[in-house]
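Reader: I would like a close look at a single part of this model, taken slowly and with its surroundings.

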Amino acid sequence: MTELKISTAAGVFDAIVSGPPEGRPVLLLHGFPQTGLVWRQQIAALAAHGYRVVAHDQRGYSPGARPPAARGLPHRPSRRRRGRVTEEPGWAAFDLVGHDWGGAVAWWTADAHPDRVRTLTVVSTPHPGALATTLRTDQDQRERSRYMIDWRETPATEERMLANDAQELRAFHAGKVPQDSAEAYVRHLSQPGALTAALNWFRAGRPDNAIGVIDVPTVYVWSTEDSAFGPARPSRASATGSRRRRPKR
């Protein structure tokens with residue numbers, strides 16, 4: 001694995017790159033509060049199978065792309081924005097994988113770039129249409145998603161997460177990732193302004209309009225032990241876009 005700086009109009013993104021340059025391109029999007037390093041095992045496995053893999057630190061996480069405020073940030077990937085990260089490596093099309101907040105960005109990206117996203121794989125985060133419906137109809141999911149409201153409070157959220165040697169920030173990783181990885185994430189987000197910038201990416205990241213059916217081959221992976229998303233299943237009729245249909249391509 002090697003490190004790469006990806007320059008875009010939105011800033012300079014830190015990225016991890018591996019695999020043969022001519023390999024089939026794969027873009028990995030991490031969630032909160034991690035970095036592209038969370039994918040290191042997947043990067044190694046994909047590269048070993050001949051894929052060209054890029055896992056970049058998203059907005060707020062990359063020091064060269066830290067929004068000072070949520071206001072004014074784009075609310076979803078347009079047909080140009082997410083493409084900028086893949087233009088530097090020269091990718092005309094790519095497979096897209098996202099987890100947590102990276103999963104939400106992945107859904108929106110596939111909706112905005114059906115001509116460039118070959119396949120979509122999302123871990124944990126459900127289709128935004130299904131989630132929106134469930135938030136209206138399922139009390140358990142509303143309780144699980146309460147943090148989405150809490151995190152919009154600034155600077156109270158940052159102060160709370162970093163208090164007592166970042167105790168709350170550390171709790172996100174307890175028992176889930178190796179200790180050295182957890183410490184690396186905490187150090188990264190404890191840099192001045194880093195946590196606020198990362199949360200600003202979350203705070204601003206809502207689509208202007210609801211997305212519909214995703215027209216690329218899609219795999220959704222959900223764990224029964226997922227604390228953020230429960231097992232509620234909205235009806236096919238009410239959860240616009242949660243169904244799948246055969247891609248046109």
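Which strands does helix α1 (residues 40-48) lie across, and at about what angle does α1 run to β4?

Author: The model is a predicted one. In it, helix α1 lies across β2, β3 (25-29) and β4, and α1 runs at about 165 degrees to β4.

The strands under discussion belong to an open sheet of seven strands with mixed pairing, in the order β1-β2-β4-β3-β5-β6-β7. The edge strands are β1 and β7 (218-221), each of which pairs on one side only. From one strand to the next, the twist averages 20 degrees.

Of the eight residues of β2 (residues 11-18), seven are buried, so the strand is largely enclosed by the rest of the structure. Its partner β1 (residues 2-8) pairs with β2 in the antiparallel sense, over seven bridges, and a hairpin of two residues joins β1 to β2. Strand β4 (residues 52-56) also pairs with β2 in the antiparallel sense, here over four bridges.

The C-alpha atom of Glu 3 is separated by 9.5 Å from that of Val 54, although the two residues are 51 residues apart along the chain.

Next comes the pairing of β4 with β3. These two strands run parallel and are joined by five bridges. Within this pairing, Val 26 has Val 53 in β4 as its bridge partner. Five of the five residues of β3 are buried, so β3 is largely enclosed by the rest of the structure. In a regular strand the side chains alternate between the two faces of the sheet. Both faces of β3 are covered: on one side Pro 25, Leu 27 and Leu 29 are buried, and on the other Val 26 and Leu 28 are buried.

Helix α1 has β3 among the strands it lies across, and β3 is also one of the strands that helix α3 (residues 101-112) lies across. The others under α3 are β5 (94-99), β6 and β7, and α3 runs at about 145 degrees to β5.

At that end of the sheet order, β6 (residues 117-123) and β7 run parallel and are joined by four bridges. Leu 120 has Thr 218 in β7 as its bridge partner.

Helix α7 (residues 156-171) packs with helix α9 (residues 194-204) at an angle of about 130 degrees, and their axes are 10 Å apart. That angle makes α7 oblique to α9. The crossing of the two helices is right-handed. On the α7 side, the residues that meet α9 are Thr 157, Glu 158, Met 161, Leu 162 and Leu 169, and on the α9 side they are Leu 195, Thr 196, Leu 199 and Arg 203. By class, this contact has five nonpolar, two polar and two charged residues.

Notes:
Residues are numbered from 1 along each chain as its sequence is written. This is a predicted model: local features need pLDDT of at least 70, side-chain atom pairs count only at pLDDT 80 or more; totals for chains, interfaces and linings use all residues. Side-chain values use heavy atoms; hydrogens and water are left out. Buried means under 20% relative accessible area, exposed over 50%, partly exposed in between (1.4 Å probe, protein chains only). Two strands pair if DSSP finds at least two bridges between them. Axes are lines fitted to C-alpha atoms, for helices over the stretch in contact, and angles run from 0 to 180 degrees between N-to-C directions. Angles under 35 degrees count as roughly parallel, over 145 as roughly antiparallel, 65 to 115 as roughly perpendicular and the rest as oblique. A crossing is left-handed if the near helix is turned anticlockwise from the far one by less than a right angle, and right-handed if clockwise. Contact means heavy atoms within 4.5 Å. Ala, Val, Leu, Ile, Met, Phe, Trp, Tyr, Cys and Pro count as nonpolar, Asp, Glu, Lys and Arg as charged, and the others, Gly among them, as polar.
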